[in-house]
Amino acid sequence: MAEKRGSSITKIAFLCLFITTTMMFVLSLRGRPGLFDHKTMPAEKLLTVFNNGYSQTSNQSNAESSNGSNRAILANSEKQRVEGGGFQVSCNGNLKEPLKIFLYDLDPEFHFGLLDWKPQGNSVWPDIRTKIPSYPGGLNSQHSIEYWLTLDLLASEFSENPSSREAIRVKNSSEADLIFVPFFSSLSYNRYSKLSPHQKKSKNWELQEKLVKFVMSQKEWKISGGRNHVVLAHHPNSMLNARMQLWPAIFILSDFGRYPINVANLDKDVIAPYKHVIKSYVNDSSDFDSRKTLLYFQGAIYRKNGGFARQELYYLLKDEKDVHFSFGSVQRNGIRQASQGMHSSKFCLNIAGDTPSSNRLFDAIASHCVPVIISDEIELPYEDILDYTEFCIFIRTSDAVKKGFLINRIRSITKDKWTQMWEKLKQVEPLFEFQYPSKEGDAVQMIWQSLSHKVSSVKMKIKCSIFK
């Protein structure tokens, strides 16, 4: 009996070793943009582009050329497809169960207490059927995904048809696919990262320490090694302390710009959109001719790290008659001015700043202003189901800062091509909308779907760790 059991464990151990080695090999090939010298890589790649919901395979060369036309979708058996118009997202036509999420009942100081909500009775959660604590506006809202996801989980308990949801809350962790850690980390950073007089540690730092101590002491963390935990750190500076200790978990991030690859990567983590700050362009009846500004940018021009391109482009474009390129902020009606500017522009620049991503891309989508992305290290939400080249222009930074390159590239885009991209923007816009109650195919549901794609891999990793 012991010999059979030993033989079974040995087989499982070898299987786990094979799977782990294979995954590491695949990761080494994928990596992150900019990690390898692409000159040493093959010039041709076999790519599958989704066209009207069907896949079409072709050889394409120069996969990173500045026209961005080859930023295609790599196909696999778990790909979802987006139907034109209504964007009904299916999983290969199979009937699927909701993602089961166990929600830690953290003290309100980690979540709604940061919004000045006071608990009543024994519950650590607000009764969202009567009143929903409001989230601060302005730039705070761009990293508010923690708020929307938590609200959606709480609402799932009162759903008339739970099976129709992407994710539901379960009360027993043994039934859960994933464990959700409801720390409003971005809000904590924005509000409490600065030291008060006589403080040795900020409130944000103290909350992170308490969070790590709590989470790592839970049986759910100990059993899984944290691999099935979901931690939200959407603001690039949030969780600066805790991220290095909670790294086995699934992080929901805006990009990987401030993370070492062993802490955050596409294999285990999820990239989520920002919540757009500018006003949505409702009932957009504009067209190519009515949008008088060719190219629009308003924001911080002088940035550190990878943001040098903003300064270079400012000097290249500031004298172009149909280009708006100026400094701007949320103060003094900055959001209203940006809304008006983007709504009346054909193309909107999204240039890397201190980090590869920015809210400007999602403001452009909400404005139906064709995004021009100049950020070599950017990772985009839902790239497994969306072909961004259908509604975005991608240009290498090294090309963009060449005199005349960017403006000539933009001027070469025809009215018909722009109109196609503008129509596509209006179709994909709902996928980036955060709202409560959440609706089918909005940003909240898309993030749950992205997390559901991680479950099988997470479960396999946990099994392998047990039999090591």
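**Conventions for the views.** A residue is called buried when its relative accessible area is under 20%, exposed when that area is over 50%, and partly exposed in between, computed with a 1.4 Å probe on protein chains only. The model shown is predicted, with local features needing pLDDT of at least 70 and side-chain atom pairs counting only at pLDDT 80 or more, while totals for chains, interfaces and linings use all residues. Residues are numbered from 1 along each chain as its sequence is written, and side-chain values use heavy atoms, with hydrogens and water left out.

View 1. In total the structure holds 20 aromatic pairs, where rings of Phe, Tyr and Trp (its six-membered ring) pair if their centres lie within 6.5 Å, and planes under 30 degrees apart count as stacked, over 60 as edge-to-face and the rest as tilted. Tyr-274 and Phe-362 form a stacked pair, 5.7 Å from centre to centre and with 25° between the planes. This pair links distant parts of the chain, 88 residues apart, since Tyr-274 belongs to the loop between β10 and β11 (293-299) and Phe-362 to helix α8 (residues 360-367); helices (H or I, at least four residues) and strands (E, at least two) are DSSP runs numbered from the N terminus. Tyr-274 counts as buried because its relative accessibility is 4%, and Phe-362 counts as buried because its relative accessibility is 5%. The rings of Phe-288 and Trp-418 are edge-to-face because their planes stand at 70°, with the centres 5.6 Å apart. This second pair also links distant parts of the chain, with Phe-288 in the loop between β10 and β11 and Trp-418 in helix α11 (residues 415-428), 130 residues apart. Phe-288 has a relative accessible area of 17% and is therefore buried, and Trp-418, at 0%, is therefore buried as well. Elsewhere, Phe-112, Trp-125, Tyr-135, Tyr-147, Trp-148 and Phe-184 form one aromatic cluster.

View 2. The strands follow the order β6-β5-β7-β8-β9-β10 with parallel pairing, two strands being paired if DSSP finds at least two bridges between them. At the edges are β6 (167-170) and β10 (270-271), each of which pairs on one side only. Helix α12 (residues 443-452) lies across β5 (99-103), β6, β7 (178-181), β8 (229-232), β9 and β10, and runs at about 95° to β5; axes are lines fitted to C-alpha atoms, for helices over the stretch in contact, and angles run from 0 to 180 degrees between N-to-C directions.

**View 3. Strand β9 and its two partners.** Strand β9 (residues 250-253) pairs with β10 in the parallel sense over two bridges, and Ile-271 in β10 is the bridge partner of Leu-253. Toward β8, which runs parallel to β9, three bridges make the join, and Phe-251 in β9 is the bridge partner of Val-231. From β9, Ile-250 and Ile-252 point one way and Phe-251 and Leu-253 the other way, and all are buried.

**View 4. Charged side chains over aromatic rings.** Lys-268 lies over the face of Phe-251, 4.4 Å from the ring centre, where a charge sits over a ring if NZ of Lys or CZ of Arg is within 6 Å of the ring centre and within 35 degrees of the ring normal. Arg-243 is likewise placed over the face of Tyr-259, at 3.9 Å from the ring centre.

View 5. Ser-438 is located in the loop between α11 and α12 and, with a relative accessibility of 18%, counts as buried. Its side chain makes polar contacts (a pair of N or O atoms within 3.5 Å; within protein, one must be able to donate a hydrogen and the other to accept it, and residues adjacent in sequence count only if both atoms are side-chain atoms) with the side chain of Asp-442 at 2.9 Å and with the side chain of Gln-445 at 2.7 Å. Not counting residues up to four places away in sequence, Ser-438 touches Asp-152, Val-444 and Gln-445, contact meaning heavy atoms within 4.5 Å.

**View 6. Lys-201 in its loop.** Lys-201 lies between α3 (185-192) and α4 (203-217) and is partly exposed, with a relative accessible area of 36%. The side chain of Lys-201 makes a polar contact of 2.8 Å with the side chain of Glu-209.
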